[in-house]
Structure formats: structure tokens, C-alpha cells
Amino acid sequence: MVHYTRSAALAFAVAALTGMAAHAGELVIDTDTSDPAPKAAFQGLIDDFQKANPDVHVTWNIFDHEGYKTAIRNFMTADAPDLANWYAGNRMAPFVTSGQFLDVSDVWDKNGLKDTLKSALPSMTIDGKQWGVPYTYYQWGIYYNKDVFKKFGVDVPKTWDDFIADCAKFKAGGVDCTTTGTKASWPAGGWFDYMDLRTNGYQFHMDLTNGKIAWTDPRVKEVFTQWAKLIVPGYVTPNSSAIDWQDALPNLVQGKAATYLMGNFAVAPLKAAGMTNDTLGFFAFPEITPGVGRAEDAPTDTIHIPAKAKNVVDAKRFLAFLAQADTQSKMNDTLGQLPVNNQAKVGDDPFLQAGFKMLSTADGLAQFFDRDAPAEMAKIGMEGFQEFMAHPDRIDAILARLETARKRIY
Amino acid sequence: MSAPTASRSGYWRRNQRALAPLLFVAPGALMFTVYVVLPIFRSMSISFYDWDGMGVKKWIGLANYAELWSDPAFVVSLENNVIWLVLYMLAVPAGLFIAIFLNQNTRGIRIYKSLFFFPFVISQVVVGLIFSWFYAPGFGLFFKLTQLFDPAGIALLADERYATYGIIAAGLWPQIAYCMILYLTGLNNVAPDQVEAARLDGAKGWRMLWYVILPQLRPATFIAVVVTVIGALRSFDLVSIMTQGGPYGSTRVLSYYMYEEALSEYGYRMGYGAAIAVVLFAIMMVFISGFIWKMYRDETER
């Protein structure tokens, strides 16, 4: 854990000396931003907030990204900060239902956030109240190797059947149609999300992840029947369950695989490995059932106020600042992601532009399987998808198991 | 230091023999109580609740334990723990074999000994990574070797039939080294006169090993078995690094499953995790009390 006491403490001290600190506040922020880009983005955010609010003294604790996921449960109950970052959707539900997050609906109402942050409103709402403020999201979709597409004379597919037909061409040429690494199981969750969103649509997917639909429902089975068209002929890189998602990236870079279904965070490592805007392409997941509205996965990152926060007044000021269009433009420029505020500017990067266009015209935004479904269901579900990708013939046993889990969990 | 008062020094002098050992034990006992004994009882009490680690605890009695028996993931973990326990025992004879092989005086034997001991010195995390790459589909050495027989190759860690064995093989590498070093020190203490006498009586090879050397190595064997049993039961790091319990949960062991349920990214079931921990503790207690009973018997026999 790294402790940062902002240099603006000096400004605060000066203000205090001159007797100007009318309502001086101590504001403690805990974040998991140990990676370079998020760290720089938060550094900028906090500096700007200090500049605008010299009377507040910010203390910023940075946790390791993975360790934070368990640490948050300890510090929420033991020594709560005034602000902490987390994720939208059902990922925040355990904290909301156990009373660890503060209701911040008033911040939303006072600042008109229901208009500016409209796209994230459903995923921030539980029991009709808002529990935090979103500041960034990113798109999911299919990244592809343009050179491989050119070599096989393949165009960007519009429908699932086109995609499967292209896969056959790649397979004949000894190239994996699509690659993935499901060792951590969530990339398999991304595949399921898109298969279900394209087969049954947004509302069905939300009902399913909220436990309102049985996993043994024939419409769920249909998702896997479609998915099997990709898996049974062996169009996916074999043994993917022993590969980390990062270790599957070289397949795309070296042209051993044609496509990769991933989040936009994959662009940075792909470019670092030598791909450019000329060789790396992006397209939205193809249509499966004609007429089903195009919904997308767009995981949203958020900031919340713990129920035990000591300085709620300044924490709410911080959230209002975070929600502003200019704040989000600047932060996401550094993050290389998309701002949630619809008045904010999007960076020039072609992948960001493509993502922005795709998401702003979408018929619904899902968070991601492990954020839409409750934690326990997410784990069992993604494990099932991982198994399906290795043994598509076991689908009935897998769905029966998921259905047992659904009955117990919800 | 100030001079002790007469009465205190008198009390101290009278009871010094009784108090001194208690004082020496006190710091260790305090730590042991706070960090080992109390958490054990705390885990036991948590295992009777339905609790997400943050909110309100709900008393559900033995429901967590009842659920364990119908939970296929728990059964798989338990089975894997048994496989670990049985196969890990191979480390004891293998360590003995290498120790006997290395127990000779040739040029540079110390270098060979340290090379054999090396895997025990490096971290389990590194062992896990090395073996992951060894098995890795596409470029791993083991994968390439299997391609000689089967053009598709066998990705050991992606196949639920072999993955657990792949991890155990990785675990055996440092464990054999550990047993080896225990036996090497044991072999130093083997009485040369007994070996000499046995040789005069015509004992050789297996008979020499079985009737003369091994009985003298009993203390080393005992420790080797103890550390191997405990090592097998607390296997966590290799599973976590090499497969994260996958593919689809087939390589989970109890300690990893407990972590997944209670503490991991998707685990919010403290009570259920605690129940798994209690079961693991009970299994360990069978072995630990056996060991303690044997040690107690050996000491009182003298």
C-alpha cells in the first residue's frame, strides 16, 4: 500500500494560516489504481479537485489492483475511507445489501446526472436509488488481424453465419478463426454474454443474469446450439482453458489466429506487441437472431461513498466533480477509455471512436457476466462456459448444474 | 536496572525454577493463542452462520455442513486432497533414493547435492510458473514431447483427467529435495561400526538397506512423512498459480476451495468457507494427533 499525501496540503496550510479555511475537510480516498494509466488518471483527477477545492485536504491510498478486491471488504467494515472505487451492476450489490455503501441519489438529482450519465443509470440503481458515480467504461467486441483477413479474402462478417463460414476458410488455411485464453474463466463469460445478447436480446440476458429465467429454458439451450457451431468444428484455439488471456494475444499478433473477442484494454498490449492501426481492426459482434436489438458489453468503473465515511459532505462534492464532463474527458484521455458523461469529449484513437459510436447507438448496455450476475452465480456460470468450450457435448449436464445453482442463489 | 527489593528477590529465588520456563514459553504461547488457537475457534463459530463477511450474520446451525455433502465441488476437492496425499508420499522413497545415491565422496559432490536441493530453495510460485511453461500448450517442452506420439499434443493443465497429476508432479519436485536433505543428514549419523559389522556378516544391497540402514534412519523417515503429509494437505499455492482450480474446477483442493468461497473475487460466503476450513482442520487433526501421540510415546519410552 502506498501513501500519498498531496502536496496541496501546503496550500491548505497556507489557507489555514491566513484564516481562510472556513470548512476545512480531510478526505480519504482508497483506490485500486496500481497500473500506470489509472494511476496517472487519478493523480490528475485529485490534483484538479484540489485546485478547485483548496479547503479540502485529500489523502489518497493506492492498493494493488488484485489485492484490493479482498481488501475493500476489510476496510469497509474496519476503517472506512470517504471514497472508494468499485464496479457497477451486481458487483456492487453485496456492498449495497449489507449497508456498506451510502445512497448518493441526492448527488444524482442535484447535478442532473440522470441526464448526463444516463447510459449508466440502470447499472448504478438498486432499489430505485443510486449508490455511486461512474467515471469510465470501455467497449467489448471482436479485434481482428487485417493482414490475415486480406490473405484469406475475407470481409468483416455481418451475421453469425457469415462469421462461421469465414471460420471454415481460416480453418482450411491452418489459422484459428478466433483465439482466447479462459484460464481465469472470465473471457468465456464475455463469449456467453455476446452469444446470449445476440440470440435473445438485452432484456432476456438481464432477466437470466438476475435469476428470473431457468438455465434449462430452451431459449438458453439455443444460445449454446449457436455457440457450438464455432466450437465443435474446432474454430477456437485449442486448450484455451490452460492459457491466460494475455498469452492468447500473440496468436492474433503473429497471424496464427484471425480474431479475438476482448475488451478495449487489449488494444494497448496488442500495439505494444507490434500491431498498428493498419494491421489491427475492430468490429461489433455479428448478428445472430435477425431483428434482435444490438446490445453491447460495456463494463463501468465507479466511485462510492462508504456508509461509515467520516466526511460525507466533501465526498459528495468530489462525486459531483467526478461526474462533470470536463473531468471525465480529461481522465479518460489518460485512461484510453470512454467517458460516461454524454457531454464529454472522446479521444481521437480510432478504437475509442469506433467504441463510442457502437455504444452510443446500442439498444442496451450490459456490464459483463461477472457484474450482471451475482458473484456466486458468476463464478459457477463462467466455470460452466469454460467447460462448454472444451466439451460442448456436456451442455445438458452443465445447464442442469447451473439451474441447481440458480435455485439456491437467488 | 534497579535493584530488586528483598521480598521480590526472595519470591523470585524460591520460584525461579518454576517461573523461568513459563516466562520463556510466554511470548510464543501468546502469539500461538492469538494467531492460531483463537482463529481456529473463531472459524468454527463462523461456520454455523450464513455471512457475507460484511453484513448481518444469520445463524443457520449445521446447514453449511449439510450443504457440503451435496456440493460436487467439495467432493472433487476432497478427492483431490486424497490423491495429493497418496502421490505426495512418493517424495519419501524418492528422497531416500537420491540421498543414498548422493551419499558418497567424489569430486564436486557438494555441487551435486546443492543442485538436487535447489528446487526446495526456490519459491513455490516459481516452481508453479516453471511447470506451467513446461506444460504450456503450443510451446511447452512437455507439450512438444507429447506431440511426438500424438500430433495434437496433450495440454496437461487443460485436461481435467491429468491436470491434478500435473500439479502434483510439480509439487513433488521440491518435496523430494526436502526429503533428500532430511535423509542426507540422517545418513551422516548412521553408525559406521554397525555397517562394518553387518558387512562382516555378509549383508549387502537390499538386505543391508532394509535391516541395517533404514532402522537407523527412523527419525529422518518420521520427519519426512510428517512434512510430506502436511505439505500435501495444505497444497494451495501451486493450484492457485498453475490452474486457479480449473479446468472447470477439476483441480481444486480443500484449501483452495475455501479461499474461493470465502475470500476470492467472487467469494462472499464466509460461513461456508469456514465450514470447509473446519473439515480440512479435522482431517489434519487425524494426522497431527497421530504424530504427537507417536512423539509422546517415543519420549516416555526412554
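**Exercise 1.** What separates B:Asp298 and B:Lys294 within helix 14 of chain B, and by how many residues are they apart?

*Solution.* The model considered here is predicted, and the positions of the two residues in the sequence are the place to begin. Both belong to helix 14 of chain B, which runs over residues 270-301, and because they are 4 residues apart in it, about one helical turn separates them. The next step is to look at the side chains, which meet in a salt bridge with an N to O distance of 2.7 Å.

**Exercise 2.** Determine which elements of chain A are tied together by the salt bridge between A:Asp396 and A:Lys221.

*Solution.* Begin with the contact itself, in which the closest N and O atoms of A:Asp396 and A:Lys221 are 3.1 Å apart. Then place each partner: A:Asp396 lies in helix 20 (residues 395-409) and A:Lys221 in helix 12 (residues 218-231), so the pair ties together parts that are 175 residues apart in sequence. Finally, A:Lys221 counts as partly exposed, at 31% relative accessibility.

**Exercise 3.** Describe how the buried and exposed residues of helix 20 of chain A are arranged.

*Solution.* Next, list the buried residues, which are A:Ile395, A:Ile398, A:Leu399, A:Leu402, A:Glu403, A:Ala405 and A:Arg406. These residues cover an arc of only 165° around the axis, which puts them on the same side of helix 20 of chain A. The face turned away from that buried side carries the exposed residues A:Ala397, A:Thr404 and A:Lys407. To close the picture, the buried residues of helix 20 pack against helix 12 and helix 19 (375-390) of chain A.

**Exercise 4.** Is each partner in the salt bridge of B:Asp159 and B:Arg161 buried or exposed?

*Solution.* The side chains of B:Asp159 and B:Arg161 meet at 2.8 Å, N to O. With a relative accessible area of 17%, B:Asp159 falls under the 20% limit and is therefore buried, whereas B:Arg161, at 55%, lies over 50% and so counts as exposed.

**Exercise 5.** Which residues are linked in a network of salt bridges?

*Solution.* Over all chains, the whole structure holds 35 salt bridges. In chain A, the network includes A:Glu376, A:Lys379, A:Glu383 and A:Arg408. From chain B, the residues linked with them are B:Glu67, B:Arg252, B:Glu260, B:Glu261 and B:Arg269.

Methods: Residues numbered from 1 in each chain as written. Chains lettered and ligands numbered in written order. Predicted model: local features only at pLDDT ≥ 70, side-chain atom pairs only at ≥ 80, totals over all residues. Heavy atoms only, no water. Salt bridge = Lys/Arg side-chain N within 4 Å of Asp/Glu carboxyl O. Helix = DSSP H or I, 4+ residues; strand = E, 2+ residues; numbered from the N terminus. Buried < 20%, exposed > 50% of the residue type's maximum accessible area, 1.4 Å probe, protein only. Arc of directions from axis to C-beta. Contact = heavy atoms within 4.5 Å.
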